[in-house]
Structures are given as C-alpha cells and as structure tokens.
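Here is a briefing on one protein model with its ligand. Please read it with the structure open.

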Amino acid sequence: MHITSAVAALCIGALAKAAHANTSETCCSALGATTLESQVVYPDSAAYKTSISSYWAENVQLAPTCILQPRTAQEVSLAVSTLVAADGGVCKFAVRGGGHTTWAGANNIVDGVTIDLSLMNRTTYHEKEGIASILPGSRWGDVYETLAKYNVTVAGGRSGVVGVSGFLLGGGNTFHTARVGFGCDNVENYEVVLANGDIIEVNRDSHADLFKALKGGSGNFGIVTRYDMKIIDDDKLWGGIVTYDNSTTLKHLEAGYHFINNLENDPYASWIGMWGYLSVIDQNIVVNALEYTTPVAYPAAFDNFTTIANTSSSMRVTNIWNLTQELGQAPGYRDIFVTATFVNNLDVMKRTVDIHNRIPEEAKAGAKGDDYNMYTMIQPWPKLFTDRSTEQGGNVLGLDRFEENMFQVLFDYAWKDEADDVLFHRLANSALEELTAYSKSIGADNEFIYLNYANSTQNPLSTYGSESVEYIRTVAKKYDQTGVFQTQMPGGFKISAVASEGKDEL
Ligand SMILES: Cc1cc2nc3c(=O)[nH]c(=O)nc-3n(C[C@H](O)[C@H](O)[C@H](O)COP(=O)(O)OP(=O)(O)OC[C@H]3O[C@@H](n4cnc5c(N)ncnc54)[C@H](O)[C@@H]3O)c2cc1C
C-alpha cells in the first residue's frame, strides 16, 4: 500500500492529538487519585457547566478536559505538585481568577486542566491591622459588600463583576489611584503557592523580590491564594454615570485634557470618558463615569464636565459597592480589548473619537449579526499615579521612566455572532494601528501597554522597560526554576515571551 506524504502527515497529526488528549485525561485522573477527587469536575457535571458559562466573554469559554475547584491553599498546592509530577511533567493547566480576560487561552485551556479558584472567595476584615484578606476567586462586588458593613473599602475594580486576582496581578486602575496608587500598590502581603508546592507568605520583609514582582508581573511566579490589602477608611463616594449627546464630544475632550493635567490639585476626582455605539438602538453616545472618593457633591474638579448639558445622570452619594454594580458591561458577548497609552494631547484625543465615530459605519456594512456594542474609553494615566505607586514602595510596571502626564485608550468591542469574530478583531486592530501611527506622527506616542486591557496580539510585559523585564525574568527563574508557570501553565502574558537583552531566556 502506498501512503502519500499528506496522508502520513494527517495520520501523525491525529496520533499526536490523541496522545495529547490522553495526556490531559491522565492529568485529570492523577488529580482524581488524590484527596482532591471531589473537587475535579468533568463536562457532564453541572459544576463544570456553571464554571464555563460564568466566564465574562463568550469567546473564552473553552472546554478543558476537567476543571479543578480547590477550596484552600493546601488544595492548590497539592494540585500544582500533582500536575508537575504526573506523566513526566507534561500536564498543561490554566488558572482562572474571576475569568475576565477577553482573549481565549489566558484563563482557560483546551486539552488540559483549568484550576478555577472561584470557590475561594471569602473576604475577612482585620480591623486592628487595617487589612482585608481577600481570597483569589473573589469578585470586587463581593469584597466591597463585605467591607461595607464596616464602612471601609480597598483600592479595587470599578466594576463589581471583575475578578480580584487578574486585576491585582496586572496593576489595577481604581477610583482611588490618584490618592493611593494602583490596586497592586495596596497589597501588603501575598500568600503564594510555588511550582514546588511550597506555600509562602510574601511581603516587604519576606521574599521582598517576589513581593515587588507580583505587583504587575501577572501569573509568572506561582498561584496567589490570598491578598492582604490595606484598608481605605470610608467607602462613600459621590459618583455615577452621566450620558450626553455625541455632539458634545469636543467639550468632554477639552475637559478631560485639563482634568488629567490638574488631577494633582484634587486627587479625589476620577473620570472615565466613554464613547459608545450600541447597534440595537443605533446610537452613538458619550458617557462619563465621574467619581469623587469622598461624599462631596459637585466638587470644582468636575466643573468642566458638570457644566455640559447631559441627557441623563445618576450622580449621587453612595457606597463603592453600589457604584460598581452600575458600572459594568453585559456578559455573554464575544469581546476584544486592545489598548495603548499616549502623551496627554488634545489632538490624539480628538483623533481617538474621530476613529470611534467612523468605525461603526464599517461594522454596519460588514456585520452579520445585529447586536454589537463598540466602546472607546479614554482614561487618565498621569505622572501622579506613578508618584503614588512610588510612595507605596513601587511595582514592576516601569512607569517611573516616563515624566509626562498620559492617557490610555481602550477599544472595547462586544458582539453576539461568532461569524463576526474576524470583522471585529480587524476593526479593533485597525483602530489601534491608525491611532498609534497618528500619535507617532505628532510625537505624542508612548510605548506602555497596560496588561489588564491588552489583547493576545500585544506584548505588555515587553513595554515595562528593560530594567523591569530583567527583574521579572530573574525573580520568575528564582522561584520557579523549572519554568512550570512558563510552559505547563501557558495562559496569560509570559516573561519567557519577551525578548531578552543579551541574557538567557527562561
Ligand atoms: C467589565 C470589565 C471591567 C474592568 N474594569 C477594570 C478596571 O476598572 N480597572 C482595571 O485596571 N482593569 C479593569 N478590567 C480589566 C481586568 O483588570 C482584567 O480583565 C483582569 O484580568 C480581571 O481579573 P480576573 O481575575 O477576572 O482575570 P482572569 O482572566 O481570571 O485572570 C487574568 C490572568 O491572571 C492569571 N491569574 C488569575 N488568578 C491568578 C492567581 N490567583 N495566581 C496567579 N495567576 C492568576 C490568569 O491565569 C490569567 O492569565 C475590567 C475588565 C472587564 C471585563
């Protein structure tokens, strides 16, 4: 019998696939053979289905061979040790915090084990120490709800549904950043499970190098099983959502530009500018999220926004739990986030909204589905944020090498119909490319890419600056000598994917 090379290649491919599937089944069986047995769930179980359907973006709802749902750090440790030892170290696994990353494979896996931390979701307030201990599967809404009983809060997410873990490991932009730095700057202690199964406490005095690296270095070092965060007294704010007609755009951009440059005069103020096209109502509106992190109405810092005629407003004094229930986006869509950072420059802001206003026309011409939302968000990223981080001890984001006030753009597109995946990816990437090229042409570009908003096509860790990159690389190698979190846990942004400057890669 004569076998052509194409048929041979097909046979080899099929065999390799079968071998891979067998491996991941062996990995699940290895977990099931330990005391973790009752925590391993398979596709035919309700727990598995609930876990998969609770990912925020539909396009990341992959089907792992099994899901492990640990309840304690000890169970996470046993899982890591088992997966490292089983089948000669070939088991692949993913780690899921809240599951809000929008690109497939960051927090889930095909042919492997997903460690879903969602059962580890308790928040405990230690009043005497001024610390909240937060378990890694928590969502910010639950954290705020628990802390509201004591009228305190922490510097966390601005949408209640968002997961604590990914947010804090990537930085974490909060309503309070201008006062206390990023979310990560407010973590006083981490409990971490390392690749060898050790469970360690990580803080300024113990494993200080890892303590710093975890502040922006994402999942490159181990699995965090507890965050001890500094408390902010008083969880009351004046804030809400204000909507406007798109014709008011220029006024918002001028207000936003001055707001960023003046934030140091009143760091209690927080602004997110959103331009949103919603296909079901065929409307393109401007939305401001204005938050003042103490209960004072109409502070002068917002005057340039509050004098613009609005079409609706929910501004009120309330607590952070209530505000973060309001600020969010619907789950159940397919999503893409792409992001870039720019020098605070009015022309770049204007071009951002010009692009936003034009792109829905391209979507209308090409979309097969009729339900999609296209948001373009402008967020302050002033030097003040970095100064606050430095005051708290610093992180690895590498922002201290920039002197200018900056702002960040997030193109955030959501659509229902899978047939539109290619279209919306193309539109988001072309919007980003055009804006980046324009910013370069007028010298208002900046290389920093914020990890928590980045797409898989971007390489945020490579934009932290060579000093931070080598620091993360060295710390990752020290605490994970065999590179388990680079190869066995392939999801997320990996330091091994960042080119080395004349040094060995992991
Ligand atoms: C609706 C919405 C609102 C948002 N609002 C904000 C905002 O206000 N500010 C902001 O800065 N960002 C915001 N983001 C972005 C958000 O910070 C990121 O999506 C972040 O990753 C969410 O955390 P998660 O735990 O849900 O992520 P996941 O997708 O679960 O995890 C992110 C990455 O971290 C890894 N990981 C998760 N848990 C652990 C762990 N315990 N140990 C080690 N590695 C782990 C995962 O493997 C994955 O690679 C928002 C996103 C959405 C969708």
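The largest nonpolar core has 148 residues. A nonpolar core here is a set of buried Ala, Val, Leu, Ile, Met, Phe, Trp, Tyr and Cys residues joined through C-beta atoms within 7 Å. The model is predicted: local features need pLDDT of at least 70, side-chain atom pairs count only at pLDDT 80 or more, and totals for chains, interfaces and linings use all residues. Residues are numbered from 1 along each chain as its sequence is written.

**The nonpolar core**

- Val113, Leu214, Phe221, Tyr413 and Ala428 have the most contacts inside this core.
- Strand 19 (residues 406-415) supplies the largest share of the core, eight residues.
- Helices (H or I, at least four residues) and strands (E, at least two) are DSSP runs, numbered from the N terminus.
- In soluble globular proteins, nonpolar side chains tend to be buried together.
- Setting aside residues up to four places away in sequence, Val113 touches Ser24, Cys27, Cys28, Leu31, Pro64, Thr65, Cys66, Leu68, Leu83, Cys91 and Phe93.
- Two residues are in contact, or touch, if their C-beta atoms, placed from the backbone, lie within 7 Å.

**The shell around the ligand**

- There are 33 residues around the ligand, and Gly97, Gly98, Gly163, Gly166 and Gly492 come nearest.
- A residue is near a molecule or strand if its C-beta atom, placed from the backbone, lies within 6 Å of it.
- Strand 3 (93-96), helix 5 (164-170) and strand 10 (223-230) are the elements that give two or more residues to this shell.
- Helix 5 gives the most, with five residues.
- By class, the shell has ten nonpolar, 21 polar and two charged residues.
- Ala, Val, Leu, Ile, Met, Phe, Trp, Tyr, Cys and Pro count as nonpolar, Asp, Glu, Lys and Arg as charged, and the others, Gly among them, as polar.

**Helix 8 against helix 11**

- Helix 8 (residues 249-262) and helix 11 (residues 346-366) pack at an angle of about 140°, and their axes are 10 Å apart.
- Axes are lines fitted to C-alpha atoms, for helices over the stretch in contact, and angles run from 0 to 180 degrees between N-to-C directions.
- Helix 8 contributes Thr249, Leu253, Glu254, Gly256 and Tyr257 to the contact, while helix 11 contributes Leu346, Met349, Lys350 and Val353.
- Five nonpolar, two polar and two charged residues make up this contact of helix 8 with helix 11.

**The loop between strand 3 and strand 4**

- Ala106 lies in the loop between strand 3 and strand 4 (113-116).
- Ala106 counts as buried because 24 other C-beta atoms lie within 10 Å.
- The cut-offs: a residue is buried if 20 or more other C-beta atoms lie within 10 Å of its own, exposed if 12 or fewer, and partly exposed in between, with C-beta atoms placed from the backbone.
- Not counting residues up to four places away in sequence, Ala106 touches Thr101, Gly491 and Gly492.
- Ala106 and Met489 are 383 residues apart in sequence, yet 9.6 Å apart in space, C-alpha to C-alpha.
- Ile109 also has its place in the loop between strand 3 and strand 4.
- Ile109 is buried, with 25 other C-beta atoms within 10 Å.
- Leaving out residues up to four places away in sequence, Ile109 touches Leu62, Pro64, Lys92, Phe93, Ala94, Thr114 and Gly491.

**Strand 6**

- Ile134 lies in strand 6 (residues 131-134).
- Ile134 counts as buried because it has 28 C-beta neighbours inside 10 Å.
- Beyond its neighbours within four places in sequence, Ile134 is in contact with Thr123, Val143, Val164, Tyr227 and Met229.
- Ile134 and Tyr438 are 304 residues apart in sequence and 42 Å apart in space, C-alpha to C-alpha.

**Loop residues with a positive phi**

- Asp234 is not a glycine, but has a positive phi of about 80°.
- Asp234 lies in the loop between strand 11 (232-233) and strand 12 (236-244).
- Asp234 is partly exposed, with 14 other C-beta atoms within 10 Å.
- Asp282, also a residue other than glycine, has a positive phi near 50°.
- Asp282 lies in the loop between strand 13 (269-278) and strand 14 (283-292).
- Asp282 counts as exposed because 10 other C-beta atoms lie within 10 Å.
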